[in-house]
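Visitor: I am new to this structure. Could you show it to me and walk me through it?

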Amino acid sequence: MDPITQEMFSSSGSHHEINPVGFTLTTAGGGGATTSGSSSMMGSPSGSSSSASASGVSSPPTTLSRYENQKRRDWNTFGQYLRNHRPPLSLSRCSGAHVLEFLRYLDQFGKTKVHNQLCPFFGHPNPPAPCPCPLRQAWGSLDALIGRLRAAYEENGGKPEANPFGARAVRLYLREVRDSQSKARGISYEKKKRKRPPPPPPPPPSGALPPQQLL
């Protein structure tokens with residue numbers, strides 16, 4: 001098992017692809033995995049500062065939200081992916097093309113069945129039998145992953161205009177994955193429009209008497 005794959009499966013607990021954890025894009029219970037060498041990125045992930053310990057003043061540990069913990073693991077794992085790249089790739093030279101390469105690499109760990117057009121279950125949301133179609137990462141998982149990495153890039157010193165996770169090619173790729181999976185799986189990713197509450201009744205014209213005073 002290569003180092004990236006080992007990092008992906010280092011979190012303990014059950015896995016579900018709806019809420020990504022690590023780069024298996026799954027939900028894992030318990031604490032997150034740690035990755036060595038993350039200091040080579042633009043900055044360290046958000047967390048408690050070492051200045052307090054250096055001055056001898058102890059402070060209570062900061063409890064990060066589930067989203068922040070996930071974002072930290074994603075950022076560390078992407079840094080490990082860059083270091084294992086052949087040739088090794090620095091973050092400053094990472095482009096949208098490298099992000100696409102990474103997303104395609106993740107497909108081998110996917111758990112979502114995506115039917116091809118020749119499959120009899122193409123467009124069937126609940127196939128009655130198994131088929132040999134490949135497993136892929138679900139569009140929703142990839143979309144959430146890119147959102148976290150995009151935020152982490154800027155939080156760790158990256159300039160918004162140079163953010164490879166916000167590149168046009170990445171947005172087009174995610175849109176293509178969404179559309180193709182929607183057709184292949186027979187499901188819709190369109191957001192349901194919320195019904196707006198009815199507008200309040202207009203105020204009575206000025207000078208008009210209240211109804212109880214008209215009698």
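Guide: Here are some questions and answers about the fold, its helices and a few single residues.

Guide: This is a predicted model, in which local features need pLDDT of at least 70, side-chain atom pairs count only at pLDDT 80 or more, and totals for chains, interfaces and linings use all residues. Residues are numbered from 1 along each chain as its sequence is written, and side-chain values use heavy atoms, with hydrogens and water left out.

Visitor: Which pattern does the protein chain follow along the sequence?

Guide: Helices (H or I, at least four residues) and strands (E, at least two) are DSSP runs, numbered from the N terminus. The protein chain has six helices and two strands. Read in sequence order, they give α-α-α-α-β-β-α-α.

Visitor: What share of the residues of the protein chain counts as buried?

Guide: Buried means under 20% relative accessible area, exposed over 50%, and partly exposed in between, with a 1.4 Å probe and protein chains only. The protein chain has 215 residues, and the share of them that is buried is 36%.

Visitor: How far apart are the end C-alpha atoms of helix 5?

Guide: The expected span of a helix is 1.5 Å times one less than its number of residues. Helix 5 (residues 139–155) has 17 residues, so it should span 24 Å. The model agrees with this, as the distance between the end C-alpha atoms is 25 Å.

Visitor: Which helices do the buried residues of helix 5 pack against?

Guide: The buried residues of helix 5 include Trp139, Leu142, Leu145 and Ile146. Contact means heavy atoms within 4.5 Å. The partners of these buried residues are helix 3 (66–84), helix 4 and helix 6.

Visitor: Why is helix 3 described as roughly perpendicular to helix 5?

Guide: Axes are lines fitted to C-alpha atoms, for helices over the stretch in contact, and angles run from 0 to 180 degrees between N-to-C directions. Angles under 35 degrees count as roughly parallel, over 145 as roughly antiparallel, 65 to 115 as roughly perpendicular and the rest as oblique. The axes of helix 3 and helix 5 are 9 Å apart, and the packing angle is about 80°. That angle makes the pair roughly perpendicular.

Visitor: Is Ala152 buried or exposed?

Guide: Ala152 sits in helix 5. Leaving aside neighbours within four places in sequence, Ala152 touches Lys71 and Trp75. Lys71 is 81 residues away in sequence, yet the C-alpha to C-alpha distance to Ala152 is 6.8 Å. With a relative accessibility of 2%, Ala152 counts as buried.

Visitor: At what angle do helix 4 and helix 6 pack?

Guide: Helix 4 (residues 96–106) and helix 6 (residues 168–185) have axes 8 Å apart. The two are roughly parallel to each other, and their contact includes Val99 and Leu103 of helix 4 and Tyr173 of helix 6. The packing angle is about 30°.

Visitor: Which residues does a cis peptide bond join?

Guide: Most residues other than glycine have a negative phi, and most peptide bonds are trans. In the loop between helix 3 and helix 4 we find Pro87. Here omega is about -5°, and the cis bond joins Arg86 and Pro87.

Visitor: Which residue just after helix 5 takes a positive phi?

Guide: Phi is about 100° at this place, just after helix 5. The residue is Gly157.
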